[in-house]
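Please look over the sequence and the model shown here before reading the report that follows.

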Amino acid sequence: MPQAIAAVNDFVVKFANVNGSGSASANELFARSILRMGVPVSPRNIFPSNIQGLPTWYEVRVTEKGYLGRRGGGVDMMVAMNPQTWAEDVKEIEPGGYLFYDSTKPMPSSMFREDINIVGVPLTAITNATYSDARQRQLFKNIIYVGALSVLLDIDDNEIKRLFGEQFKGKEKLLDSNVKALNLGRDWIKQHFDAASVKLKVRRADNVGDRIFVEGNNAAALGAVYGGATVCAWYPITPSSSLAEAFQAHCKKLRHDKGTGKAKYAIVQAEDELASIGIVIGAAWNGSRAFTSTSGPGISLMTEFIGLASFAEVPAVIVNVQRGGPSTGMPTRTQQSDLLSCAYASNGDTKHVLLFPEDPGECFEFTADALDLADRLQTPVFVMTDLDIGMNHRLCKPFHWDEQRVIDRGKVMTAADLDAGKTFGRYLDVDGDGIPFRTYPSTHPTKGAYFTRGTTKDEYARYSEEGAVYVRNMERLQKKFGTAARIAPQPLRHSSPKATRYGVIYFGSTSPAMTEALDQLEAAGNHVNALRVRAFPFAQGVEDFIHEHDRVFIVEQNRDAQLRTMLMSEFVLDGRKLVPVLHYDGTPITARFIAAGIAKELGQLKVVSFEKAAS
Amino acid sequence: MTYIAKPRLHHPSLVKNKAGFTRRDYEGAVSTLCAGCGHDSISAAIIQASYELDVLPHQIAKLSGIGCSSKAPTYFLGASHGFNTVHGRMPSVMTGANLANKNLVYMGVSGDGDSASIGLGQFAHIMRRGVNMTYIVMNNGVYGLTKGQFSATADKGSISKKGVANSEEPIDLVSLAIMMGATFVGRSFSGDKHQLVPLIKAAMAHQGAAFLDVISPCVAFNNHPGSTKSYDYVREHNEALNRIDFIEGREEITTSYDAGTLTTVQQHDGSILRLRKLGEDYDASNKVGAMTRVQEGMAAGEVVTGLLYVDPSPKDLHHHLNTVDAPLNTLGDADLCPGSSALEKINASLR
């Protein structure tokens, strides 16, 4: 008998499926039922750039402690439903782990491993005996395995039935047939298998609280609604497409006039990303709040327009759901590798504001904030999320909206201002923050009109290529960038209980893995202070943090240590002090990777300092 | 370029239009284009059309791309907001601007390089989308600012100033616009203001995607023998299908012109287009016929001008999107932000 991994509320189950087989909703049902038992889960889709037929996986980390990053290592249970990937799926199971498979067809023993536990359920035989329709056979097979797993893992079937009830409200027939399929799986295990031999168990807990379970793209789209966006222009690109689609869905519910049924928004699926950003810029120039969502290759296409918006000082919000680059790269894998291409997008001396949300909660918050910031700063603002946040359900604190909050349009001069004799210089810095006043088109019959252009101009928007005029404008833009550093989301600090000379800087989707890594490091006696950067331009607090420490680890999900490059150049720092910890294979970074990387470096650093002391 | 600055004060006897503005109120800065440039004539026609239409100057938004033509908006409608965007991408910016405020009059000005070469994609898509606008291409078949390279509308066999013959097929923007779904398509010649001004007025009154291809000879690089976009060539080969009288509202006005065959087209906003047909019988509401006539003209080496196609009841992008009557840029917190109680419900649905 192989050993059997025993774990309560702390294990990883991975589902290996075929794309397009209807497994996604069954797998999500599995994850949600555990959540309903008060036990946090963190699921991740691992999918190919394909519609139907290729392998797809769904990995569920069950984590009572609430560590929502990917755990890493092998899996404790593999639900192997895809013959195509059988060999690699079986290989991925931890010794002592469990293989759940469809045992309808006998398989040679060479297909299995001796150090794992086998749970064979004749899923195909059960479905064939029950259903005659091919599509039903396929769909209910997924529900049957969820039923079987619920007995094996002690998942409360009442929670699953409640989820069915919510999903199929008013569709009693569907509800009944799903419950029936669930029970087919449950009954088979009860009659044919000793569920106690599987020692991975879910036990009811109270660690979910009032948190919500949502994808970052959905959350960012809702943030755009709350932030007052009225125009959305986009071009389909993985992994951002579901963001614009979610915006449409939210608007359908929240943004139609009750009397006339008419839309208080406009969404255009443009012909390409150049047109998407062009539409956003045109709308924002004309006084609407507008945004686009895209991914790395889309940013490459938008670059010229981003330069125009920055130099002509037109607001724009761009949500970049990052994926693996360069070029077409890894369309369905995650990375944080567009920092440089966004921060310095376009020709000439350009710099742009970037926000780094850590989870769907901040996707909501930062997208709404970005709309305010773009108006206040009159410049493009990027919300830098990624596939890991955008396309996976993540547990996060509930969305919050301050009822007192109002849309902040920034410095807009009105017809009344102009009639009162206020001086209007479109690019005139009147109060020292580098931000000028603007007028919307059609503000006043005779005053306040100006010509917006990408060429250089003076304070009154008059074309000028005079050196002194140009330099004045460029310096004002630099000053405005300084203002951005003060009003953008500030970094968050997490201090080690013990004083330490070591710090770590991280951002975005690395956050849950970092929380866990800090616990692991602390437990091993490695004390590290941490700072989560939430925006570029960097706040003063970021530079202070670096100066407070002898060594600062910079954890990123890209090859070239892009954040580190930006820190070095923006603060003029000695790079030797900034130690990169880089994960960029397209999978989400893990706590194990971070903790091991930092511990290794810390070990070496200590050796170095010991040698120094000895010499 | 003109060196004489215009006096800022207007003569008190200048006639005001119904909106209370004189023709001078629709002018812009002094042109820096070459003396004799066809574009300046088109600018003058835009000024005249806007004045005659009684549009409030600030209710027009003018947008352009990059090039000589795209510089032109500086030289008309000085009281209107303008946006000189990036090369070939004015259509998307105009689309966005139009989405933000459906109530303004949108005047897009572009050139043949801007619309037919670098910007062909955006040109096609703005027509497809039915953005309510007037889109004018000042078409000279040549890149002026970069000194005389062929553009994509240069005719095959046309000779550049340096003596090089163009070997590539021309793109006919008029045919393309009709095919892409523009609901008002005309062609004119910068040197023919009697045809051009009413065409621009009618295009501005049209509540859909209106496109005007205006042949505009480049005096510096495309006004020599061998060019098919020179003043002489266009005058000799101009085959006008119709003369258009634009009548605002429903009131008929008598015309002093000789009557030919007359057809009246009433546009959605009530304005009336009276087409005086020249030559053969031509029906501007027949899309297929328009395509055929333009192609026949091209085959015969004619520059077919006039109102080529009009759909008197166009549906624009806002119609398709079913947007509220108020411009989107006027909606405030109460319209846009669903508030915290709606958010609580959303939170509850995500647990």
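## Strands β16 and β9 of chain A

A:E215 stands opposite A:H393 in β16(A), where strands, of at least two residues (E), and helices, of at least four residues (H or I), are DSSP runs numbered from the N terminus. The two strands involved, β9 (residues 212-215) of chain A and β16(A), pair in the antiparallel sense over four bridges; two strands are said to pair if DSSP finds at least two bridges between them. This is a predicted model, in which local features need pLDDT of at least 70 and side-chain atom pairs count only at pLDDT 80 or more, whereas totals for chains, interfaces and linings use all residues. Residues are numbered from 1 along each chain as its sequence is written, while chains are lettered from A and ligands numbered from 1 in the order in which they are written.

In a regular strand the side chains alternate between the two faces of the sheet. In strand β16 (residues 393-396) of chain A, A:H393 and A:L395 point one way and A:R394 and A:C396 the other way, and all are buried. A residue is buried if 20 or more other C-beta atoms lie within 10 Å of its own, exposed if 12 or fewer, and partly exposed in between, with C-beta atoms placed from the backbone.

## Domains of chain A

The domain assignment of chain A, with bounds from an automatic or database domain assignment, gives domain 1 (7-201), domain 2 (214-396), domain 3 (415-487) and domain 4 (492-614). The C-alpha centres of domain 1 of chain A and domain 4 of chain A lie 37 Å apart. The contact between these two domains takes eight residues from domain 1 of chain A and nine residues from domain 4 of chain A, two residues being in contact if their C-beta atoms, placed from the backbone, lie within 7 Å.

The residues on the side of domain 1 of chain A that touches domain 4 of chain A divide into two nonpolar, three polar and three charged. Here Ala, Val, Leu, Ile, Met, Phe, Trp, Tyr, Cys and Pro count as nonpolar, Asp, Glu, Lys and Arg as charged, and the others, Gly among them, as polar.

## A five-stranded sheet in chain A

An open sheet of five strands in chain A has the order β18-β20-β19-β22-β23, with mixed pairing. Its edge strands are β18 (492-494) and β23 (578-582) of chain A, each of which pairs on one side only, and the twist averages 20 degrees from one strand to the next. Angles run from 0 to 180 degrees between N-to-C directions, and axes are lines fitted to C-alpha atoms, for helices over the stretch in contact.

β18(A) pairs with strand β20 (residues 529-533) of chain A in the antiparallel sense over three bridges, and the bridge partner of A:L492 in β20(A) is A:R532. Helix α16 (residues 511-523) of chain A packs on the sheet, touching β18, β19 (502-507), β20 and β22 (551-556) of chain A, and its direction makes about 175 degrees with that of β20(A). Helix α18 (residues 562-571) of chain A also packs on the sheet, touching β19, β22 and β23 of chain A, and its direction makes about 135 degrees with that of β22(A).

## Where chains A and B meet

The contact between the chains takes 48 residues from chain B and 54 residues from chain A. On the side of chain B that touches chain A, the elements giving two or more residues are β2 (81-84), α3 (90-100), α5 (120-129), α11 (333-336) and α12 (339-349) of chain B. The largest share of that side, eight residues, comes from α3(B), and the residues of the side divide into 23 nonpolar, 21 polar and four charged.

Strand pairing also links the two chains: strand β17 (residues 451-453) of chain A and β2(B) pair in the parallel sense over three bridges, with A:F451 opposite B:G82 in β2(B).

β1(B) and strand β3 (residues 105-111) of chain B pair in the parallel sense over five bridges, and the bridge partner of B:I60 in β3(B) is B:V105. Four bridges join β1(B) to β2(B), which run parallel, and B:S64 stands opposite B:N84 in β2(B).

Of the 13 residues of α7(B), 11 are buried, so this helix is largely enclosed by the rest of the structure; among the buried residues are B:Q195, B:K201 and B:A205. B:F21, found in the segment before α1 (38-52) of chain B, is buried, with 21 other C-beta atoms within 10 Å. Leaving aside its neighbours within four places in sequence, B:F21 is in contact with B:K16, B:Y26 and B:P57.
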